[in-house]
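Here is a short briefing on a single protein model. Please look over the sequence and the coordinates before reading on.

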Amino acid sequence: MKNGLKFSTYKNMLEKKAEEVRRSMSAQKAAQVVARLDCPSDEGDLSQQHHEEWIFLNRNTIDMKLLREISDALLRLSHGHYGVCLECEEPISVKRLEAVPWARYCVKCQEQIAARIAQGEQVDEYQEADR
């Protein structure tokens with residue numbers, strides 16, 4: 001146990017969140033299929049359908065990114081790198097990990113990365129766990 005972290009607790013939190021996201025994605029897909037009209041009656045219906053599909057795809061993209069981040073956190077956990085900032089290699093606070101168990105960066109580094117992104121800098125947000 002590093003820095004007071006209870007790895008089994010974090011593993012359970014991550015697995016639970018991953019399952020919740022997967023269920024949500026399935027429910028969203030089912031709702032989209034049920035709500036879809038076989039034959040839109042006018043351009044308004046067709047436009048509404050396209051808009052709903054766009055929303056679904058955006059939500060799906062966000063959910064897939066979250067699942068990738070959770071999977072990466074589980075890999076870091078299994079490799080013994082969990083709870084360590086990928087940028088500065090300092091421990092991530094327990095408070096942050098309890099709020100965002102898939103966090104890759106400490107608050108300070110996350111803020112710096114967000115500032116660089118806001119300035120238009122291209123930042124590779126996804127890093128492999130076995131770095």
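Predicted model: local features only at pLDDT ≥ 70, side-chain atom pairs only at ≥ 80, totals over all residues.

The protein has 4 helices and 0 strands. Along the sequence, the pattern reads α-α-α-α.

**Overall fold and surface**

- The protein has 131 residues, and 28% of them count as buried.
- Its accessible surface comes to about 8,800 Å². Carbon and sulfur atoms hold 53% of that area.
- Take the contacts with a sequence separation of 6 or more: 60% of them join residues 24 or more positions apart.

**Nonpolar core**

- The largest nonpolar core has 21 residues.
- The members that touch the most other members are Leu-14, Ile-70, Tyr-82, Cys-85, Leu-97, Trp-102 and Tyr-105.
- Helices α1 (7-35), α2 and α4 (107-118) are the elements that give two or more residues to this core.
- Leaving out residues up to four places away in sequence, Leu-14 touches Ile-70, Ala-73, Leu-74, Leu-77, Tyr-82, Pro-101 and Trp-102.

**Arg-96**

- Arg-96 sits in helix α3, which spans residues 94-99.
- Is Arg-96 buried or exposed? Its relative accessibility is 17%, and the cut-off for buried is under 20%, so Arg-96 counts as buried.
- Beyond residues up to four places away in sequence, Arg-96 touches Ala-103, Tyr-105, Cys-106, Val-107 and Gln-110.
- Which backbone oxygen does the side chain of Arg-96 reach? That of Tyr-105, at 2.7 Å.
- Cys-106 lies 10 residues from Arg-96 in sequence. The C-alpha to C-alpha distance between Arg-96 and Cys-106 is 7.7 Å.

**Glu-89**

- Glu-89 is found in the loop between α2 (43-79) and α3.
- Its phi is positive, at about 65 degrees, although Glu-89 is not a glycine.
- Glu-89 has a relative accessible area of 56%; exposed means over 50%, so Glu-89 counts as exposed.
- In short, Glu-89 is an exposed residue, whereas Arg-96 is a buried one.

Methods
Residues numbered from 1 in each chain as written. Heavy atoms only, no water. Buried < 20%, exposed > 50% of the residue type's maximum accessible area, 1.4 Å probe, protein only. Contact = heavy atoms within 4.5 Å. Polar contact = N/O pair within 3.5 Å; in protein donor to acceptor, adjacent residues only side chain to side chain. Areas by Shrake-Rupley, 256 points an atom, 1.4 Å probe, with all protein chains shown as cover. Core = buried A, V, L, I, M, F, W, Y, C linked by side-chain atoms within 4.5 Å.
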